[in-house]
Amino acid sequence: MPKKIHSIVNGVSQPSMSGRFHEVFNPATGEQTGQVDLCSAAEVSAAVAAAKAALPEWAATPPMKRIRCLFNFKVLLESNAQRIAHLLSEEHGKTLDDAMGELSRGIEVVDFCCGIPHLLKGEFSRDVGTGVDTYSDRQPLGVVAGITPFNFPVMVPMWMYPVAVACGNTFVLKPSERDPSAGLLVQELIAEAGFPAGVINMVMGDKEAVDTLLTHADVKAVSFVGSTPIAEYVYRTGTANGKRIQALGGAKNHMVIMPDADMEQVADALMGAVYGSAGERCMAISVAVPVGEETADRLIDIMRPRIEALRVGPATETNSQMGPLITRASLDRVSGYLDKGVADGATLVVDGRKQRQTAWSNGYFIAGSLFDHATTEMSIYKDEIFGPVLVVVRTDSFAAALEMVNVHEYGNGAAIFTRDGDCARTFANAVQAGMVGVNVPIPVPVSSHSFGGWKRSLFGDHAIYGPEGVHFYTRLKTVTTRWPAGIRSGVQFDFPTLE
Ligand code: NAD
């Protein structure tokens, strides 16, 4: 019997009355394991109302008191890590180690938030004019919302609500309907950590819930992470409704491989960065750009046996290196791209479909694939495939490789592997991407920095978490003061100056 998955509003489980549901599957077996509510607009509005009711007291709570709840939350996350990771693996399909890694990167953001009072303390200038002092600080926006994707059901929400509530906002989270259970468990820990009811709420839903949040007068800002078409829609709809929006979208992350790179290191890096989490990461490397024919030949030679040896299997098997895709539709989409690449003339060096695990034939498994001799006109190069597929586009110079990265519509991450400092420095300076790795394949910034791509990988002006997250969830107030002893008598009609 599939379990029923409900929203949590005001710290209490809230079954939906909408009569609409989404089926949740174990992608390793294809079995339905759950049924998640899809809330109506009225139910989403009730969650916003709960957050609004909790706002005045929470915003007025001293930051040091607010972060005590975050400290408790961090301890609870650590002591429940195995439970969270198991649930995450069961619905997403990623390996347990990968799920633990996701959780620990989420906890890192909670760690950062425990120091947020330092970033909220503002600035003060004495004597900006005669007897005049000025101070500025950052104040919360109000009720803010987050809409998150399936591929990091625990970490990505933690890019949002710990920062938002540490800054004094209250929060409504709309997670992915495809794998909501691990996030739901985390939500239960939130109540245990001592956050007052209504400060962080979680509503289950789909487009109807998203549209309600984007148009609701009481929601002041929305953080979105997901695919580019929806990110763009969220940005346009949210800003048209007067909200502050950060909408992080899809990616096609390139790795440029220079002839002087250590090819063993390149291969190790690519195996994890391309095939980890079955390629369902917005920072996955999906394009390799070897510079020079010899570099390309060495790359293909070293990658082929490694990809063929990749251990594909369910998270429940401890030696699995890569799990299934999230849905059958994803499996069909990835398989369709393999056909398209062949039809367009690329060389399919390793075809992941040939290694489908017969023991797990009902699951959404596909092994790693490798294309060589792809060109920039092909859809396997242009589109985000979001699966375990590496596309190799050969090039003859560093300048051509850099240009290739720069004209691609996405600009989330980019990496270069080289021993040449000049080349690496030029790449880091000139590449049109928000997060750059030099001999680092997945340059996800630590929580004291901020995460965000360029071009069509991010709509809005703020990256997420870190100092940019604090800016996103606060607004600046500047106060100018003068006391009676400093006030000159008489009326002044000219524009005030510093005298
Ligand atoms: P998605 O865009 O399908 O869904 C994201 C969220 O939007 C979900 O909560 C979903 O319910 C909602 N949604 C879906 N369709 C909608 C619609 N028509 N109208 C309104 N809301 C809608 O993304 P996904 O498949 O869950 O996640 C994978 C995508 O997310 C990939 O493109 C990946 O690159 C991207 N991603 C980006 C980052 C980043 O930081 N840039 C991080 C993780 C994932």
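Modeller: Helix 1 passes helix 9 in a right-handed crossing, meaning the near helix is turned clockwise from the far one by less than a right angle. This is a predicted model; local features need pLDDT of at least 70, side-chain atom pairs count only at pLDDT 80 or more, and totals for chains, interfaces and linings use all residues. Residues are numbered from 1 along each chain as its sequence is written, and side-chain values use heavy atoms, leaving out hydrogens and water.

Colleague: How are helix 1 and helix 9 placed to each other?

Modeller: Helices here are DSSP runs (H or I, at least four residues), and strands are E runs of at least two, numbered from the N terminus. The axes, lines fitted to C-alpha atoms over the stretch in contact, come within 9 Å and cross at roughly 45°. Angles under 35 degrees count as roughly parallel, over 145 as roughly antiparallel, 65 to 115 as roughly perpendicular and the rest as oblique. Helix 1 and helix 9 are therefore oblique.

Colleague: Which residues does Ala41 touch?

Modeller: Ala41 lies in helix 1. Contact means heavy atoms within 4.5 Å. Leaving aside residues up to four places away in sequence, Ala41 touches Glu208 and Thr212.

Colleague: Is Ala41 buried, partly exposed or exposed?

Modeller: Buried means under 20% relative accessible area, exposed over 50%, partly exposed in between (1.4 Å probe, protein chains only). Ala41 has 29% relative accessibility, so Ala41 counts as partly exposed.

Colleague: How far apart in space are Ala41 and Asn80?

Modeller: In sequence, Ala41 and Asn80 are 39 residues apart. In space, C-alpha to C-alpha, the distance between Ala41 and Asn80 is 33 Å.

Key. Axes are lines fitted to C-alpha atoms, for helices over the stretch in contact, and angles run from 0 to 180 degrees between N-to-C directions.
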